[in-house]
Amino acid sequence: MQEITFCLSAGHLLPITMSDSNSTDFINPSTFILLGIPGLEAAHIWISIPFCTVYAIAILGNFTILFIIKTEPSLHVPMYYFLCMLAIIDLVLSTSILPKMLSIFWFYSREINFSACLTQMYFIHCFSVIESGILVAMAFDRYVAICDPLTHSTTLTNPVVAKIGLATVLRGIMLILPHPFLARRWPYCRTNIIPHTYCDHIAVVKLACADISLSSYYALSVAFFVTALDVFFMALSYTQILRAIFRLPTKEARLKTFGTCGSHLCVILASYIPALFSFLTHRFGHNVPLHFHILMANMYLLVPPMLNPIIYGARNQQIRVRLLQPFTHKGT
């Protein structure tokens, strides 16, 4: 006797006939269930402490960077405009996942609306692409400032900076836009349980009872295109920068010039190394436990927003001086 079950397609309940008695019906087809970190449920409260701390530092640090740059006229230059864009992106990325994650850990609020899940997925991937583009723009700014300093002010004018920022935003929007549309298109009739802390693209589409090759290949193509293109341009910029630095006559001049782009190099490493490690363990670490994959996926989204303001606050003299100014005045 055939069994009637239901599929979720575009958030609606569609009856289908299936002969497989092992298929699992949806409890509520309009929602997904986020499990958090499977295997570590007993430690969710303890895991939430470092995550909450990282989020608090990221919020405080990035808002501080934005406030300092806004209130200090000497910082109204391209390098700091791009840093403001990076701070805003970091705030959006961390806020896209942390509140829901903490509600899972603290209140066992695991349900997420189908549309809300797709929206979260879109914001995470879209702003990750935008962030990568801003890092390229910052590398280009350092290249012009070091290799052709006389034309820096005329090359990177405010309108040009605005256009670069708009181009990176539009690139992220357009490249990631197919993700939610394709995900909404698939029927979901196996389960609505996502073994993750947030709606990651591949974790969502894997639940579909359809051929998801189009989604998988497109996601892989976008990841390869964005990473390869952006890393190529950053490597090209820094190759030229290093050549210019090594041509300087004295060691002091070389160290001083390299120091102007050291913060950006640290930010690049903080952004790409966790992401690369997460990608490699996901693709090739088949014996790696699921909870480790999920922890790494969270770390590469949460650690850079925390580290970026710390790196710029510690390494950039102008920001450091402005940050310490209230304390130095009190001391005198």
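# Ring pairs, salt bridges and a helix

Modeller: Ring pairs link Phe32, Phe114 and Tyr188 into a cluster. Bear in mind that this is a predicted model: local features need pLDDT of at least 70, side-chain atom pairs count only at pLDDT 80 or more, and totals for chains, interfaces and linings use all residues. Residues are numbered from 1 along each chain as its sequence is written, and side-chain values use heavy atoms, with hydrogens and water left out.

Biologist: What counts as a ring pair, and how many aromatic pairs are there?

Modeller: Rings of Phe, Tyr and Trp (its six-membered ring) pair if their centres lie within 6.5 Å; planes under 30 degrees apart are stacked, over 60 edge-to-face, and the rest tilted. That rule gives 8 aromatic pairs.

Biologist: Why is the pair of Phe32 and Phe114 called tilted?

Modeller: Because the planes of Phe32 and Phe114 sit at 45 degrees, with the ring centres 5.5 Å apart. Phe32 is in strand S3 (residues 31–34) and Phe114 in helix H3 (residues 114–147), 82 residues apart. Helices (H or I, at least four residues) and strands (E, at least two) are DSSP runs, numbered from the N terminus.

Biologist: Are Phe32 and Phe114 buried or exposed?

Modeller: Phe32 and Phe114 are both buried. Buried means under 20% relative accessible area, exposed over 50%, partly exposed in between (1.4 Å probe, protein chains only).

Biologist: And what about Tyr122 and Phe123?

Modeller: Tyr122 and Phe123 pair edge-to-face, 6.4 Å centre to centre with 85 degrees between the planes. Tyr122 is buried at 16% relative accessibility, while Phe123 is partly exposed at 35%.

Biologist: Switching topic: how many salt bridges does the search find?

Modeller: It finds 3 salt bridges in the whole structure, each a side-chain nitrogen of Lys or Arg within 4 Å of a carboxyl oxygen of Asp or Glu. One of them joins Glu72 and Arg322 at 3.3 Å, N to O. Glu72 lies in the loop between helix H1 (44–71) and helix H2 (78–107) and Arg322 in helix H11 (residues 317–331), so the pair ties together parts 250 residues apart in sequence.

Biologist: Which residue does Arg171 bridge to?

Modeller: Arg171 bridges to Asp230, with the closest N and O atoms 2.8 Å apart. Arg171 belongs to helix H5 (residues 158–176) and Asp230 to helix H8, 59 residues apart. Asp230 is buried, at 3% relative accessibility.

Biologist: How far does H8 reach?

Modeller: Helix H8 (residues 213–246) has 34 residues and reaches 48 Å from first C-alpha to last, close to the expected 50 Å. The expected span is 1.5 Å times one less than the number of residues.
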